[in-house]
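Hi,

Here is the structure I promised to pass on.

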Amino acid sequence: MNEKSCRVLFFGPAREAAGREVMDVPVRPGLTISDLWKTLQADHSDLQSLRGVRLAKNHVYAADHDPVVASDEIAVIPPVSGG
């Protein structure tokens, strides 16, 4: 990861939809969690079909308006079902 990107981790079905476990995403000023999710969906169209996905920033669930800065770790976490 370089100093101008965040690291995105994909779990479960999100990993399958993105076709990878980890990627670095360039960060621009004013980027929010919502903006990042829209960018990820645009770049990986299979992510668009996932419902109930939550994003966590540095191990804490994030709100849509939370800012994303370089060196953040973002986790894409789909809903979990158990049984």
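**What I found**

Arg 54 lies over the face of Tyr 61, at 4.3 Å from the ring centre. For that label, NZ of Lys or CZ of Arg has to be within 6 Å of the ring centre and within 35 degrees of the ring normal. Before you go further: this is a predicted model, where local features need pLDDT of at least 70 and side-chain atom pairs count only at pLDDT 80 or more, while totals for chains, interfaces and linings use all residues. Residues are numbered from 1 along each chain as its sequence is written, and side-chain values use heavy atoms, with hydrogens and water left out.

**Strands around that pair**

Helices (H or I, at least four residues) and strands (E, at least two) are DSSP runs, numbered from the N terminus. Two strands count as paired if DSSP finds at least two bridges between them. E3 and E5 run antiparallel to each other over four bridges, and Arg 54 has Ile 77 as its bridge partner in E5. E3 also pairs with E4 in the antiparallel sense, over two bridges. Here Tyr 61 turns up again, as the bridge partner of Ala 56 in E4. The hairpin of E3 and E4 has two residues between the strands, and Asn 58 takes a positive phi near 50° in it.

As for rings, searching the whole structure gives zero aromatic pairs. A pair would be Phe, Tyr or Trp rings (for Trp, its six-membered ring) with centres within 6.5 Å, called stacked with planes under 30 degrees apart, edge-to-face over 60 and tilted for the rest.

**Salt bridges**

How many salt bridges are there? The count comes to two, taking a side-chain nitrogen of Lys or Arg within 4 Å of a carboxyl oxygen of Asp or Glu.

One joins the side chains of Asp 24 and Arg 7, at 2.9 Å from N to O. That pair links distant parts of the chain, with Asp 24 in strand E2 (residues 22-26) and Arg 7 in strand E1 (residues 5-10), 17 residues apart. For burial I used relative accessible area: buried is under 20%, exposed over 50% and partly exposed in between (1.4 Å probe, protein chains only). Asp 24 is partly exposed at 32%, and Arg 7 is partly exposed at 27%.

The other salt bridge is between Asp 72 and Lys 57, whose closest N and O atoms are 3.8 Å apart. Asp 72 lies in the loop between strand E4 (60-61) and strand E5 (73-77) and Lys 57 in strand E3 (residues 54-57), so this pair ties together parts that are 15 residues apart in sequence. Is Asp 72 buried or exposed? Asp 72 is buried, with a relative accessible area of 6%.

Contact below means heavy atoms within 4.5 Å. Asp 35 sits in helix H2 (residues 33-43) and is partly exposed, at 24%. Leaving out residues up to four places away in sequence, Asp 35 touches Arg 28 and Gly 30. Gln 41 is also in H2, but counts as buried at 16%. Beyond its neighbours within four places in sequence, Gln 41 is in contact with Leu 47 and Gln 48.

His 44 lies in the loop between H2 and E3 and is buried, at 14%. What does His 44 touch, not counting residues up to four places away in sequence? Its contacts are Ala 17, Ala 18, Arg 20 and Met 23. His 44 and Gly 19 are 25 residues apart in sequence and 8.4 Å apart in space, C-alpha to C-alpha.

Cheers
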